[in-house]
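Here are my notes on this model, as numbered points. Please read them with the coordinates open.

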Amino acid sequence: MTQTDRTSVDRLRWLTEQLLVRDADVHATAVSALADEGDERVVPHLVELLVIDSIANDWERFGFPAVLRERDPPRYLELPEVRWPGIRDALASLADPDFDSDHAWVEWETWYSQQEIDPLDGFEEWKLRLYRSYLPPVGGLLDCEPREFDLQGIRWGNCDRSFLAALNGPTFVPGEAVDASGDADDRDVPEDDAPERYLDDDHVVFGFEIEGTAYAVPRWVLFPHELLNAELQGVPVSLTYCTLCNAPILYDRRVPTGGDGADGPSGADDPDGADALDVRTFGSTGMLASGNKVMYDEETETLWDQHAGTPIGGETLATDPDLFLDQFAVTQTEWGDWKAEYPATLALDLDTGYGYDYSYYDGNVDFFEHYWNREEIVQPGVRREEGPLPEKASVYGVVADDPDEVWVISIDDLREGEGSVLEAEIGDRDVVALLDATDDVAVYEAPAGPVERVETDEGEIALVDGEGTRWSLSRNELRSAGGETRERIPGRHGLWFAFRTHYETAHVLS
């Protein structure tokens, strides 16, 4: 490195330090000077600042959850020094694009995620200082050891744990009590005590079963929480939801108190032993890794990969690096189909105690339309890649004993396929996947093949195996007339990009 280069680097570092000074005028001067320097190594710094600047200074359009936009933003975003005037012009002078839409910061993040720009040495420490100072609830979690994620790739999801509140301890009531398609006179409870009837037949719900009891949580009610913690039938669970990749996953919140996680998917060798397990309470960090939300647990502040259910930073990663959370099967379907298949289901009471106007999300995914439906918009931190499926294809994935390997089924391909049955091998298990009565994917251990899906005039679905044996479908198993069973294998929903980026190996089954 020449003396001139060294002097240039020293000046760039000094200018990037000025971006952290709590003075918007100093910011403006430093931003302008960095644009004049013309060195692309500061682009990562400026992109980080552009996102914070855009959201902090236009909270009414970009704050998340949207139901809180009419309330004051977090105090740290209101401070006058949380501004970097001229930031967009500086980026346009250093890079090829010149985005000028209302969502320019989203377009810059999409562009940046496709680049390979090496920042100045020390960028990671600079980013930690930025987050600790300007996004303290995020920075406090991000500054953890050990960690197995790239700090440059971690993106801020325009929210944090101080205002993206998990839905904790909600009330579930009989589904018929909140069914808006029914007759109000059919209620079995007094009018004054009756919950609000709000669930229409076409509302998307996340359905699951715990200890023989069925539950339904509407997507649009979970949307501004992204996570639900509850104890159902004595089982502590978290229904986690990544809005960016439309991934509802139901985890068992019990984890082993220590060890190497080698005795099963959860690492727990005694699932019934109260002394052997801790119960974690999960929340959202406000951070994204490869377009998927990063969770944390309140007890240890460990960071977790929401999609894989594995620790990625902090105490649990240090003590149980091979741990991954047990899960239960989640069905993503419409309320009308769910209640028809599970008429005794319980459903979420809309009176959650949080005071949100949940109707805002009824049929409206708001800002996330950009990420779900526009192919040109890429989730923050996700690099485009040609592959076997479109990036935003809806898929269903199953893991075996290794949390780094997943087998993926395209939901559209299964719906369009003749017979709607897929026979495959996952790990060392033969499985069969099909659409159940709710029109969602269900995966079971396979009986003898080849397997045919049959449906009665009454709409009941069954499988007939290669030996002519008929297998009836239930929530958790296939059962033959002779009493043999094949267990259901839980899987996870999401968009294809989340599977290819969050697992070392992703197989597409066809």
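1. Start with Thr-352. At 16% relative accessibility, Thr-352 counts as buried (under 20% relative accessible area; exposed is over 50%, partly exposed in between; 1.4 Å probe, protein chains only). Its place is the loop between strand E17 (346-348) and H14. Helices (H or I, at least four residues) and strands (E, at least two) are DSSP runs, numbered from the N terminus. The Thr-352 side chain reaches the backbone nitrogen of Tyr-354 at 3.3 Å. That is a polar contact by the rule of N or O atoms within 3.5 Å; within protein, one must be able to donate a hydrogen and the other to accept it, and residues adjacent in sequence count only if both atoms are side-chain atoms. Leaving aside residues up to four places away in sequence, Thr-352 touches Leu-167 and Tyr-358, where contact means heavy atoms within 4.5 Å.

2. Ground rules. This is a predicted model: local features need pLDDT of at least 70, side-chain atom pairs count only at pLDDT 80 or more, and totals for chains, interfaces and linings use all residues. Numbering runs from 1 along each chain as its sequence is written, and side-chain values use heavy atoms, with hydrogens and water left out.

3. Helix packing. Two packed helices are described by the angle between their axes and the distance between the axes. The axes of helix H2 (residues 24-37) and helix H6 (residues 87-94) come within 9 Å and cross at roughly 10 degrees. Axes here are lines fitted to C-alpha atoms, for helices over the stretch in contact, with angles from 0 to 180 degrees between N-to-C directions. H2 and H6 are therefore roughly parallel (under 35 degrees; over 145 is roughly antiparallel, 65 to 115 roughly perpendicular, the rest oblique). H2 contributes Val-31, Leu-34 and Ala-35 to the contact, and H6 contributes Ile-87, Ala-90, Ser-93 and Leu-94. By class, the residues of this contact are six nonpolar, one polar and no charged. Ala, Val, Leu, Ile, Met, Phe, Trp, Tyr, Cys and Pro count as nonpolar, Asp, Glu, Lys and Arg as charged, and the others, Gly among them, as polar.

4. Salt bridges. The rule is a side-chain nitrogen of Lys or Arg within 4 Å of a carboxyl oxygen of Asp or Glu. The count comes to 28. One of them pairs Glu-385 with Arg-500 at 3.7 Å, N to O. The partners sit 115 residues apart: Glu-385 in the loop between helix H14 (369-373) and strand E18 (394-399), Arg-500 in helix H16 (residues 496-502). Glu-385 is partly exposed at 48%, whereas Arg-500 is buried at 16%.

5. Two further salt bridges. Arg-453 pairs with Glu-455 at 3.6 Å, and Arg-453 is partly exposed at 22%. Arg-479 pairs with Glu-477 at 2.7 Å. Here Arg-479 is partly exposed at 38%, and so is Glu-477 at 22%. Elsewhere, shared partners join Glu-48, Glu-109, Lys-127 and Arg-155 into one network.

6. Backbone checks: cis peptides. Phe-64 and Pro-65 are joined by a cis bond, omega about 5 degrees. Pro-65 is in the loop between helix H4 (59-62) and helix H5 (75-78). Gly-449 and Pro-450 are also joined by a cis bond, omega about -5 degrees.

7. Gln-233 has phi near 55 degrees and is partly exposed at 44%.
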